Amino acid sequence: LGAHRAGELAAAMRELGVTDHRFLGGAGRYRDSGMMGAPQNSLPDAFWRADVDEAAASLVEVIREVRPQVLVTYDPHGGYGHPDHIKAHRVAMRAVELAAEKAFRRDLGEPHRIARVYWNCVPRTVVEEGFARLRALGEERPFPGIAVPEDVPGLVAEVEVVAVVDGTAHAAAKAAAMRAHATQIEVSEPFFALSNGLGQPLLATEYYRLAHGGEPVPGGAGPVDDLFAGVAV
């Protein structure tokens, strides 16, 4: 299944036009840990069991090579509590620290300080509106059941959002990329369902919280529409 999902990921990246995607530590270094509490959590090569600093060092090497101004990752809860997503958050945040340290692993490249880190999220009001549209379809809805807002990763109050990026022009590519993950997702635009068959809205707009770095707009004047707003590029 791991090799098959790697193929799904490659297909999704092609749909998005991404030409450089990487596996932390190299392909096959870590395996899916399953949901929290699953037996897979305890496997020695499960990502959930990875040493944070060791995994972060692998990401530091990429950061120092690519030298990004902005990094986007999960919130501390991993979106919806998946152990690998939680670990991805911890590794990413630690790598941001280590990549900037002059004394850390100079063999991994010259130090680099990332200007801003965002956590992806979605406002509760937006999610509730999406579910209302799905319920309004009645018997014509594309999935046998409907999820609840709490099933949506990164649910936050609208006041926490600092950046709102309208991806309407790329919505078809996003849907195609999600559809490429056929073992995990079923897409019926503008909705989708995970393997549980519970429908939820497929949003074209992306939302972000600020985790590190200065506010995109001094004084918090309101959400920006560019993750690089105020960042020297």
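Asp51 caps the N-terminal end of helix H2, with one of its side-chain oxygens 3.2 Å from the backbone nitrogen of Asp53. This is a polar contact, that is, a pair of N or O atoms within 3.5 Å; within protein, one must be able to donate a hydrogen and the other to accept it, and residues adjacent in sequence count only if both atoms are side-chain atoms. The model is predicted, so local features are given only at pLDDT of at least 70 and side-chain atom pairs only at pLDDT 80 or more, while totals for chains, interfaces and linings use all residues. Residues are numbered from 1 along each chain as its sequence is written, and side-chain values use heavy atoms, with hydrogens and water left out.

Helices (H or I, at least four residues) and strands (E, at least two) are DSSP runs, numbered from the N terminus. The expected span of a helix is 1.5 Å times one less than its number of residues. For H2, with 15 residues, this gives 21 Å, and the end C-alpha atoms agree, being 21 Å apart.

Buried means under 20% relative accessible area, exposed over 50%, and partly exposed in between (1.4 Å probe, protein chains only). In H2 the buried residues are Ala55, Ala56, Ala57, Leu59, Val60, Ile63 and Arg64. An α-helix has 3.6 residues a turn, so residues three or four places apart point the same way. The buried residues of H2 pack against strand E1 and helix H4, where contact means heavy atoms within 4.5 Å. H4 is itself mostly covered, with 13 of its 18 residues buried.

**Backbone features in loops**

Just after H2, Arg67 takes a positive phi of about 60°, although Arg67 is not a glycine. Arg67 is placed in the loop between helix H2 (52–66) and strand E1 (70–73). Arg105 lies in the loop between helix H4 (83–100) and strand E2 (116–123).

A cis peptide bond joins Glu189 and Pro190, with omega about 5°. Pro190 sits in the loop between strand E6 (185–188) and strand E7 (191–194).

**Partly exposed residues**

| Residue | Relative accessible area | Class |
|---|---|---|
| Arg67 | 33% | partly exposed |
| Arg105 | 37% | partly exposed |
| Val164 | 26% | partly exposed |
| Leu210 | 25% | partly exposed |

Val164 belongs to strand E5 (residues 163–166). Leaving out residues up to four places away in sequence, Val164 touches Thr205, Glu206, Tyr207, Pro223, Val224 and Asp225. The C-alpha atoms of Val164 and Val224 are separated by 6.1 Å, although these residues are 60 residues apart along the chain.

Leu210 is in strand E9 (residues 205–212). With residues up to four places away in sequence again left out, Leu210 touches Arg116, Val117, Tyr118, Val162, Glu215 and Pro216. Between the C-alpha atoms of Leu210 and Leu227, 17 residues apart along the chain, the separation is 9.8 Å.

**Aromatic pairs**

The structure holds 2 aromatic pairs. Rings of Phe, Tyr and Trp (its six-membered ring) pair if their centres lie within 6.5 Å; planes under 30 degrees apart count as stacked, over 60 as edge-to-face and the rest as tilted. The rings of Tyr118 and Tyr208 have centres 6.0 Å apart and planes at 65°, so this pair is edge-to-face. The pair links distant parts of the chain, with Tyr118 in strand E2 and Tyr208 in strand E9, 90 residues apart. Both tyrosines, Tyr118 and Tyr208, are buried.

**Domains and their interface**

The protein chain is divided into domain 1 (1–114) and domain 2 (118–232), with bounds from an automatic or database domain assignment. Taken over C-alpha atoms, the centres of domain 1 and domain 2 are separated by 22 Å. In the interface, 23 residues of domain 1 are in contact with 22 residues of domain 2.

Buried area is the accessible area (1.4 Å probe) that two parts lose on being put together, summed over both. Between domain 1 and domain 2 it is about 1,800 Å², of which carbon and sulfur atoms give 65%. Glu8, Glu15 and Val70 supply 26% of the area that domain 1 buries against domain 2, more than any other three residues.
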